[in-house]
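Student: Could we go through this model together, moving from its overall layout down to single residues?

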Amino acid sequence: MAVEEKMLQQQQTVSMIDRLAANAAQAATEFRSFTQEMVDEIVKQMAIVALENHDKFARMAVEETNRGLYEDKITKNMFATEMIYHTLRTLKTVGIISENNHEGSYEIAEPVGVIAALVPVTNPTSTVIYKSLISMKTRNPIIFSFHPVSQKSGRFTAALLREAAVRAGAPENCIQWLETTTLDGINMLMKHPKVSLILATGGSGMVKAAYSSGKPAIGVGPGNVPCYFEKTANIKSSVQDLIMSKTYDNGMICASEQALIIDKEIYTEVITEMIANHCYFLNEEERKQLEKVAIKEETRFLNPMIVGLPAFKIAQMAGIEVPFDTKVLVVELEGVGPKYPLSCEKLSPVLACYKANSTEEALNLAEAILEYGGLGHTASIHTANDQIVEQYAMRMRAGRILINTPSAQGATGNVYNDLLPTLTLGTGTYGGNSVSVNVGAMHLLNIKKVAKRNNNAQILRTPPQIYYRKNSVQALEIIPDIKKAFIVTSPSSVKNGYVDKVLHFLTKRPDFVHYEVFSEVEPDPSIETVMAGAELMRHAKPNMIIALGGGSVLDAAKAMWLFYEDSEANFNTLKLKTLNPRKRVVTYPKLREKAKFIAIPTTSGTGSEVTSFAVITDKKANIKYPLSDPELLPDVAIIDPQFSMTVPKEITADTGMDVLTHALEAFVSVVANDFTDGQIIKAIQLVFKYLPRAYRDGSDELAREKMHYASTIAGLAFNNAYLGINHSLAHAVGAEFNIAHGRANAIFLPLVIRFNAVKPTKFTPFAGYEYYKADKRYAELAKMLELPARTTEEGIESLIEAVINLARELDMPLSVEECRVSQPVYESKITEMALHAVHDPDTNVNPKRPLTRELMEILRQAYKGV
Ligand SMILES: [Fe+2]
């Protein structure tokens with residue numbers, strides 16, 4: 001071809017493709033306003049026309065391509081019309097297609113846009129029917145490229161369907177096709193900017209070209225279907241299925257059986273049955289003759305010349321004499337791959353056959369067949385053994401595994417199973433495809449998910465029983481089911497006689513109670529202490545753990561409980577951060593299988609007796625790890641103020657400020673809620689009123705009692721509303737410089753209130769938190785405490801001042817400097833401490849999401865304090 005002629009032809013192709021694409025784009029615009037009813041009517045009219053003409057289509061396809069069988073083409077066209085239409089009839093493809101009113105979401109279906117569709121020679125008319133129906137149902141204009149050998153039948157089918165569609169109201173150019181098919185033309189079409197999706201059914205070259213176009217593509221790759229006759233197979237029906245499938249349209253379904261693998265136990269019987277049904281087994285000489293005709297020498301793969309020809313004709317071409325009524329030519333092979341050329345896909349009534357000496361050998365062969373050009377497509381098995389089915393299904397890398405089914409009819413769906421009826425079979429990534437299932441209308445839709453804001457359910461957790469008032473420890477006499485008690489405590493509780501008090505009421509129970517005491521919990525309990533306690537519990541086998549002490553004791557006892565219940569539990573994974581404990585990666589062990597838990601606080605601070613938290617310290621790394629899970633919530637809390645009477649002055653102040661910090665943080669956290677607000681306000685009122693009294697006079701019973709309650713009330717609140725960065729920073733500084741928890745909290749409290757009261761650099765995401773309001777909340781609190789709060793700013797300042805005044809009244813340090821920490825050492829640790837605070841779970845619920853530099857700034861300010 002002269003250069004000029006070639007250029008002219010190319011220009012013509014370009015303008016043809018441009019014109020088709022522009023028409024299609026116009027049709028796509030028109031389609032957007034079509035309703036479901038309009039689309040359904042169009043598809044129905046198309047299906048009727050396809051039905052009326054299915055015989056004509058079949059005849060034309062065979063006459064034009066000289067391949068396949070007229071009677072089977074009829075079936076294929078009927079299948080592509082009736083079965084496909086049946087699945088489309090009630091399918092929603094326009095507008096809202098599904099609704100979830102309960103969770104506030106719905107889905108809207110939209111067209112994908114202009115589709116470029118490739119049609120193979122094997123199904124020249126049925127594929128046109130199928131693709132036209134699914135694209136019209138989804139309001140997508142389609143441009144066909146027919147196989148060069150089947151142009152006429154393709155055009156004829158597409159034209160009749162377009163006519164029917166347009167008559168029923170579809171846009172003028174909803175179905176179009178390339179006037180002539182050239183490789184250049186197809187490539188241009190697939191890459192055209194107005195084309196949105198490629199629907200490619202064809203050989204591997206076509207599919208590869210589709211994926212290389214840079215457009216989203218759905219394609220079907222080639223098959224090389226292994227069919228395993230396992231020794232328990234029903235031989236008569238299996239052979240019939242095999243022949244029916246293998247001869248369907250003269251073998252032109254890519255899902256038909258390409259290699260038969262027969263267990264040695266039934267080999268002779270199967271072959272006898274096959275021969276009786278006109279299968280012809282070739283001898284060695286004949287095999288070589290067939291190979292010459294069926295396989296291209298240069299590629300070692302199938303010669304397209306034989307595709308879809310009857311067995312007799314193929315034999316004739318190979319110079320092999322076979323009876324005229326021969327249905328399938330069978331070649332017995334020893335292996336798979338280029339050395340055994342007939343082990344590839346043959347798309348004709350030629351079948352490879354193997355004898356397997358074991359199940360394992362059969363599975364290996366089937367895998368090798370798939371590997372040799374059929375990955376992702378289809379594999380079939382005939383057997384009565386479900387275990388072998390499972391083995392086969394697990395091992396075969398195929399999108400469809402068909403059991404006791406003619407493979408061709410089975411894979412295309414609906415007739416023998418519930419697979420989606422289709423003429424395009426996805427092969428997944430095994431076959432270089434984007435889908436692995438049977439392709440249908442749903443693959444031609446863009447689904448828009450409309451999701452309304454939906455809050456997760458929030459839960460309030462409280463121990464089932466809380467005893468309170470002076471002497472409420474006597475409840476130990478009546479709490480059910482204490483047989484073996486394990487008391488976790490500290491040396492001071494032993495010294496103060498508190499342990500004796502507990503034992504007194506245990507011994508008053510009608511039945512004898514065994515008990516053991518572990519009294520070595522130190523302040524800021526270590527992992528080692530926890531493990532030692534858990535080990536003792538494992539020997540003592542208690543059914544009730546009684547934690548008697550301050551926050552450290554209660555926390556240590558909770559952790560011991562956890563490792564007692566599950567000795568396999570791993571601290572390193574349990575301590576890992578979580579955004580939502582309900583969705584955490586590592587599940588906490590289920591507690592209460594061995595023992596329940598009673599918490600008796602002897603200080604008024606942590607609220608641990610009513611919370612699901614426990615802080616354990618890694619002493620080597622100077623890090624405090626907050627364990628947190630609803631499982632850790634005690635079963636019983638005994639709030640007996642008599643145990644708090646001996647708390648030293650300094651600790652009364654520290655723990656009291658911890659209570660105040662719990663309440664203030666829980667009040668502004670993003671999880672703060674109406675249920676906890678009331679508790680918090682009461683707790684804060686109690687602290688401001690009674691903490692100075694308890695500090696000044698430790699024997700003031702009323703002040704001690706009220707502070708003991710305030711601690712528990714604040715605990716109940718923050719167990720459900722959580723804390724914030726005040727605690728994150730206090731954890732970091734406390735661990736690094738060994739500053740008591742409450743004291744560290746108090747240093748940060750004025751600074752954190754001031755930080756939180758300024759609009760955030762970053763907001764904290766939480767569905768239940770509608771907008772930032774920490775500033776207003778502080779002011780609201782100030783008002784409730786009857787502090788000056790005419791404006792928000794005044795309220796915030798009044799609250800900060802009240803906190804500072806309280807701390808001063810308690811003689812508390814309000815700076816890190818006052819805790820005797822050297823400035824250079826402190827400065828050198830600021831980055832590290834800020835990072836610990838960033839990772840602290842309490843940071844997640846702070847009303848502002850702090851940046852690391854902002855935390856560093858607060859840490860810097862804390863050195864000199866307020
Ligand atoms: Fe705390």
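Student: How far apart do the C-alpha centres of domain 1 and domain 4 lie?
Tutor: This is a predicted model, in which local features need pLDDT of at least 70, side-chain atom pairs count only at pLDDT 80 or more, and totals for chains, interfaces and linings use all residues. Residues are numbered from 1 along each chain as its sequence is written. The protein is divided into domain 1 (16-220), domain 2 (225-419), domain 3 (459-646) and domain 4 (648-866), with bounds that come from an automatic or database domain assignment. Between the C-alpha centres of domain 1 and domain 4 the distance is 67 Å.

Student: What is the radius of gyration of the protein, and why does it count as more spread out than a compact globule?
Tutor: The protein has 28 helices and 23 strands, which are DSSP runs (helices H or I, at least four residues; strands E, at least two) numbered from the N terminus. The globule rule, 2.2 Å times the number of residues to the power 0.38, is compared with a radius taken over C-alpha atoms. For 866 residues the rule gives 29 Å, and the protein is more spread out than a compact globule because its radius of gyration is well over that, at 39 Å.

Student: Where does helix H3 bend?
Tutor: Helix H3 (residues 70-89) reaches 28 Å from its first C-alpha to its last, close to the 28 Å expected for its 20 residues, the expected span being 1.5 Å times one less than the number of residues. The bend at a residue is the angle between axes fitted to the seven residues ending there and the seven starting there. In H3 that angle is about 25°, and the residue is Phe79.

Student: Is Phe563 buried or exposed?
Tutor: Phe563 lies in helix H18 (residues 551-565) and, leaving aside neighbours within four places in sequence, is in contact (C-beta atoms, placed from the backbone, within 7 Å) with Val530, Met531, Ala534 and Ala569. A residue is buried if 20 or more other C-beta atoms lie within 10 Å of its own, exposed if 12 or fewer, and partly exposed in between. Because Phe563 has 22 C-beta neighbours inside 10 Å, this residue counts as buried.

Methods. Contact = placed C-beta atoms within 7 Å.
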